[in-house]
Amino acid sequence: MTQAQLQESANPAQSEEHGVRKWRDYFSFNTDHKVIGIQYLVTTFIFYCIGGVLADLVRTELRTPETDFVSPEVYNSLFTLHATIMIFLWIVPAGAGFANYLIPLMIGAKDMAFPRLNAVAFWMIPPAGLLLISSLLVGDAPDAGWTSYPPLSLVTGQVGEAIWIMSVLLLGTSSILGAINFLVTIWKMRIPGMTVYQMPLFCWAMIATSAITLLSTPVLAGALVLLGFDLLAGTTFFNPTGGGDPIVYQHMFWFYSHPAVYIMILPFFGLISEILPVHARKPVFGYQAIAYSSLAISFLGLIVWAHHMFTSGIPGWLRMFFMITTMIIAVPTGIKVFSWVATVWGGKLRLNSAMLFAMGFVGTFVIGGISGVMLAAVPFDIHVHDTYFVVAHLHYVLFGGSVLGIFAGYYHWFPKITGRMLNEFWGKVHFALTIVGLNLTFLPMHKLGMMGMNRRIAVYDPKFETINFICTMGSYLLAVSTFPFIINAIWSWMYGSKAGNNPWQALTLEWMTTSPPAIENFDKLPVLATGPYDYGMSNADDEEVEVPLSDEREPALAAGPNSALRADPDPKFAANPEDRK
Amino acid sequence: MQSQTIDPAKTALNYHHTEAEAHHEEHPDHRITGLIMFLVAEGMIFFGMFGAYLAFRSVLPSWPPEGTPELELLLPGVNTIILISSSFVIHNADTAIKKNDVPRMRTWLAITAAMGAIFLAGQLYEYSNLEFGLTTNLFASAFYVLTGFHGLHVFIGLVAILAVLWRSRVSGHYSNEKHFGVEAAEIYWHFVDVVWIVLFGLLYIL
Amino acid sequence: MNIPSSIWTLIVGIAVTIISLWYGQNHGLLPTAASDEAELVDGLFNAMLTISTGLFLIVEGALIYSAVRFRRRPGDDSDGPPIFGNIPLEILWTAIPAILVIGIAIYSFDVYNSIGGFNPHGVHEAPIGEQAVRMPGAAIAATLSDTPPNTDSNLNQQKSDAAMQDPATAKVRNADQIPQRQNAPGVGVVSPSIGASPDQEGTSPALTINVTGLQYAWIFTYPDTGITSGELHVPVGREVQISMTANDVIHAFWVPELRLKQDAIPGRQSEIRFTPRTVGEYKLICAELCGPYHGAMNTQFVIETPEAFEQWQQEQIANTDSQQLVAVNSADLSPAEFLAPYISDLEIQPEMLHQIHHTHH
Ligand code: HEA
Ligand code: HEA
Ligand code: CUA
Ligand SMILES: [Cu+2]
């Protein structure tokens with residue numbers, strides 16, 4: 001028996017098909033985590049398309065050096081809304097969407113710890129999003145960038161700015177409520193016998209993510225409240241004319257927004273750690289190393305914020321402190337990246353769309369990560385801060401990282417969520433167009449930034465026209481690349497071939513129930529017959545384990561099942577449900 | 001390269017098949033854990049604002065800015081004592097309900113609520129007698145926003161206590177087994193108290 | 001022929017090293033380096049790019065190689081080898097990035113020091129003694145207004161006052177309307193920026209220029225000669241100090257060829273020092289979003305021979321004098337009117353001028 005069969009026979013799925021829901025449920029205040037998960041995933045994708053259209057409007061303006069498409073005022077609103085939507089209405093809640101759908105299934109729970117709170121958290125998002133977008137209709141959209149630095153944000157477009165503050169406050173509250181739910185659920189609701197060292201890595205990633213959300217998002221809320229008072233009540237916290245200090249806002253903003261970039265990437269690190277082993281048919285390499293590196297990243301992420309402020313006036317020694325802490329984040333992230341490469345290495349890769357996107361994630365995220373380390377070097381950052389080099393960096397990590405990670409997740413869990421398979425051919429077309437479009441759009445921006453093109457400008461030096469033209473074409477390709485996916489997803493949802501319970505022969509518990517899962521997920525409490533990543537255990541005897549530096553006799557040196565890094569099925573704990581308490 | 005020497009205990013597919021135990025309770029109650037996490041988040045809002053306050057303090061040449069009218073210390077001092085003592089009072093309510101003594105619990109809660117109300121009233125009285133307004137200067141703004149934001153929390157805590165009082169009319173709503181509401185109100189009240197102590201130190205004493 | 005894997009590793013390793021070293025020197029990604037400081041920054045960038053290229057090749061190479069070499073063969077539905085991880089390998093790839101990163105950090109530190117990032121003018125002693133007076137116990141009785149006024153010197157104020165000594169600067173700055181931040185340790189420090197490099201420490205710069213940023217123009221004043229200009233001219237080879245602040249919102253002074261950037265923040269005085277080396281005309285760019293016309297807020301930055309600089313100064317002085325003849329009482333002019341001649345230099349559309357009223361509100 002392979003491991004998958006073993007796990008499946010220990011958890012026989014229900015005979016009849018459960019989980020049929022009326023379409024109306026998806027538009028209602030439903031407390032089922034799966035409904036909420038789908039609500040999140042679909043809503044955020046719609047916002048992605050809106051944010052993407054705004055991005056392509058930005059790129060259309062930048063096709064030529066003059067302002068021939070929109071006025072400079074509108075241009076500023078475009079990229080402000082683009083970034084706000086992409087970050088607060090797409091990446092952050094999309095992570096929450098996956099977490100909602102997957103966490104209870106992965107740990108064998110019936111639902112989240114606080115189902116109603118969960119629904120409340122979701123239902124804050126659509127109004128906040130509509131509010132934000134309505135500012136376009138009011139004709140006074142926020143236009144001080146997604147960072148909204150005062151004093152500028154206090155003197156341009158006041159109505160839009162107030163709307164922006166309201167909307168971001170709502171979204172922040174929603175994400176805090178979500179984080180509380182994830183933490184309590186993972187911590188308290190695992191099936192008996194699942195220790196933290198047997199839970200899927202996605203759960204580790206969500207612990208790390210939720211911890212940062214809980215600690216940093218409120219500080220942004222504080223900053224926005226003060227900013228709101230300056231804007232509406234005439235106080236001068238951040239207004240220098242009244243003695244306030246704009247730099248304090250920057251500190252508060254980045255105290256949230258740097259950790260937020262890890263809120264935006266850690267969930268997808270988690271997804272990738274799930275997807276790679278399944279399709280490589282090989283255990284994830286260094287389970288514990290990956291798990292702990294998530295925690296390390298979330299801790300380090302809290303003490304690096306001022307690297308966004310290297311030119312705005314912090315003392316030299318502080319600049320050095322933030323430079324070094326920032327660079328150290330490359331170490332835990334490197335652990336992850338190398339462990340993923342080692343997972344893939346020597347496996348039997350099923351190169352389907354999910355796997356391609358996951359490997360694409362690793363490949364492009366590394367580029368963004370490395371340019372991040374360059375940015376952390378103060379003397380170099382002084383040159384490229386607020387230029388297209390930063391824009392390139394942030395899109396490599398956010399698009400090449402988070403967005404590819406989300407797509408990998410879509411392709412991987414679509415069969416579970418809908419019960420039907422996606423079309424592989426169109427999936428591969430989507431992948432190819434996305435990878436080409438992404439590099440075409442964002443790779444040249446590195447050069448733009450270093451040569452002297454600053455960001456957030458609607459007019460630029462004509463000498464940059466050629467490169468900008470390439471970027472714009474790339475962004476059109478990205479728009480085109482989305483259509484195969486949208487059509488594929490809708491078509492497959494209705495007519496795709498049936499998926500069965502476990503189409504990928506995966507081992508984690510979400511595959512041990514029907515697709516789509518029953519209303520309360522499992523008939524009986526599921527049991528762990530095998531670890532989450534024990535692929536290939538049945539051929540442990542005949543496969544040659546060939547890993548440099550390894551010695552199978554010592555757990556500390558072993559690479560095979562004895563390895564100390566394995567998701568450890570400690571029988572002592574497995575027998576004892578008390579550790580959940 | 002190593003040949004295989006694999007510990008059979010680990011290769012064998014011998015995860016413990018713990019027979020699925022029934023959950024102890026049908027709906028496990030994790031609300032206290034959730035509340036504590038929520039208060040961590042709340043604490044971070046205050047942390048952020050306190051940080052900002054200290055930063056403002058360090059960037060202005062003199063603090064509070066010259067010409068800021070004096071702050072009276074007597075009333076806020078008394079108020080502080082009332083609020084801090086109310087934390088002990090509400091703890092008695094918790095002790096009472098754990099002994100299943102609902103009437104006593106109601107009494108203690110009522111006293112807490114009264115003390116909270118006095119605090120709020122005192123605060124409003126202080127506001128109305130201050131010689132500076134919200135936008136007088138940076139200190140004044142910080143003063144009103146910080147105390148106001150805290151006052152809002154006191155108000156929410158007060159509403160929570162009153163809600164518990166209201167619900168406890170029905171006999172058996174709270175018991176020594178089941179008293180989430182009482183406990184939650186107490187934890188929240190302690191939180192509000194701790195924040196006030198820091199706030200008082202920052203605004204009035206430092 | 002069967003080549004052992006260690007040999008392959010060696011060959012690949014050498015190839016990656018050679019490519020990285022080559023690309024690190026021949027990337028053509030940076031504009032001319034026009035100052036001493038820029039050369040140092042470029043050295044740092046080249047080193048980082050070398051390391052990055054190597055890492056890039058290794059990771060992408062491994063992924064693409066795996067996709068080809070380890071793809072599932074048709075008909076093979078079995079699992080791969082059960083490899084779960086290996087502590088020595090994990091240590092190896094924790095240590096290598098750690099060493100690389102520490103190396104980059106030390107190199108950056110060194111460059112930062114050499115371009116004057118640690119120059120003491122930015123650092124200021126914490127005001128001691130003040131704390132003792134404010135013992136909590138003592139203060140409870142005291143009322144707030146008894147807090148002793150802070151008598152420490154305020155570097156921001158001093159620098160602002162110094163700049164306002166120059167009538168030309170005083171005219172374009174509305175520093176009196178924006179209180180200067182206290183020069184306290186931590187967030188409120190006088191914007192420390194790039195000071196004198198260690199070898200020039202203690203010497204005063206050959207030329208000081210005051211820069212004022214406002215929506216949407218840069219105004220340069222030369223206290224030595226009283227010149228006000230919309231363009232920045234500096235003589236080659238002499239150390240220049242730029243003292244800047246902003247009148248309304250945050251702007252940022254950036255000359256790509258100098259690799260120098262510094263935010264100009266209302267209420268703070270920021271300084272940078274550099275030694276221009278390469279004669280030429282460059283662009284000075286506002287790098288911080290400051291409103292709709294942020295993209296148009298740039299001007300000429302000219303490094304010229306001392307003779308040419310001298311000549312330019314004479315022309316400017318003549319210019320300024322003639323202006324003063326026309327507008328005898330410049331105090332009666334609104335800022336927009338007063339600044340108009342400089343702003344027209346900047347090829348800014350007239351509608352932007354009305355934005356300047358933001359300066360005074
Ligand atoms: C998902 C989002 C995300 C992620 C994960 C990151 C990750 C990182 N970021 Fe990025 N960043 C942003 C989103 C993100 N960033 C955004 C949105 C901005 C702009 C905000 C704005 O101004 O609008 C920004 C801006 C930004 C700046 C400020 C630039 C400026 O404005 O001047 C800096 C500076 O230090 C920085 C650094 C880093 C670093 C060091 C990492 C590290 O975490 C990366 C670590 C990863 C690796 C290094 C790759 C893998 C590791 C190895 C292969 C091991 C070996 C590597 C080495 C030895 C180098 N980022
Ligand atoms: C998750 C975050 C995220 C994502 C996914 C993206 C995606 C994209 N971004 Fe974005 N971007 C940011 C976050 C993100 N961005 C941030 C934080 C900033 C900084 C803002 C600031 O300075 O304040 C920024 C700024 C920014 C700029 C700089 C603006 C400036 O400084 O002046 C540019 C310019 O090219 C840009 C382009 C793009 C493009 C082309 C995409 C593309 O990848 C988008 C592709 C997707 C689609 C196109 C949508 C799907 C397609 C359809 C639904 C089909 C229909 C559409 C059409 C026919 C057009 N972005
Ligand atoms: Cu001034 Cu941008
Ligand atoms: Cu950051």
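Predicted model: local features only at pLDDT ≥ 70, side-chain atom pairs only at ≥ 80, totals over all residues.
Residues are numbered from 1 along each chain as its sequence is written, chains are lettered from A and ligands numbered from 1 in the order in which they are written, and side-chain values use heavy atoms, leaving out hydrogens and water.

What does A:Arg566 form with A:Asp534? The two form a salt bridge, with the closest N and O atoms 2.8 Å apart; the term stands for a side-chain nitrogen of Lys or Arg within 4 Å of a carboxyl oxygen of Asp or Glu. This pair links distant parts of the chain, 32 residues apart, with both A:Arg566 and A:Asp534 in the loop between helix H18 (465-495) and helix H19 (571-574) of chain A. Helices here are DSSP runs (H or I, at least four residues), numbered from the N terminus. A:Asp534 also counts as buried, at 2% relative accessibility.

Over all chains, the structure holds 14 salt bridges. In one of them, the side chains of C:Asp76 and A:Lys348 meet at 3.2 Å, N to O. C:Asp76 lies in the loop between helix H2 (36-69) and helix H3 (87-114) of chain C, and A:Lys348 in the loop between helix H13 (330-344) and helix H14 (353-376) of chain A, so the pair joins two chains. C:Asp76 is partly exposed at 22% relative accessibility, whereas A:Lys348 is buried at 18%.

Now let us turn to the metals. Which residues give protein donors to the iron atom of ligand 2? They are A:His82 and A:His395, each through NE2, lying 1.9 to 2.0 Å from the iron. Donors are N, O and S atoms within 2.8 Å of the metal (3.2 Å for Na, K and Ca), and water is not among the atoms, so sites may look incomplete. A:His82 lies in helix H3 (residues 72-107) of chain A and A:His395 in helix H16 (residues 388-418) of chain A, so the pair ties together parts that are 313 residues apart in sequence. Both histidines, A:His82 and A:His395, are buried.

The six donor atoms around this iron atom of ligand 2 subtend angles of 87 to 178°, which makes the arrangement octahedral. For comparison, the ideal angles for six octahedral donors are 90 or 180 degrees.

What surrounds ligand 2? Its shell has 35 residues, and the closest include A:Arg59, A:Tyr75 and A:Arg456; a residue is near a molecule if one of its heavy atoms lies within 4 Å of it. The largest share, eight residues, comes from H2 of chain A.

Finally, the iron atom of ligand 1 has a single donor from the protein, A:His393 (NE2), 2.1 Å away. A:His393 is found in helix H16 of chain A. A copper ion, ligand 4, is 4.4 Å from the iron atom of ligand 1.

Technical notes. Tetrahedral: all angles 85-135°; square planar, octahedral: opposite > 155°, others 65-115°. Buried < 20%, exposed > 50% of the residue type's maximum accessible area, 1.4 Å probe, protein only.
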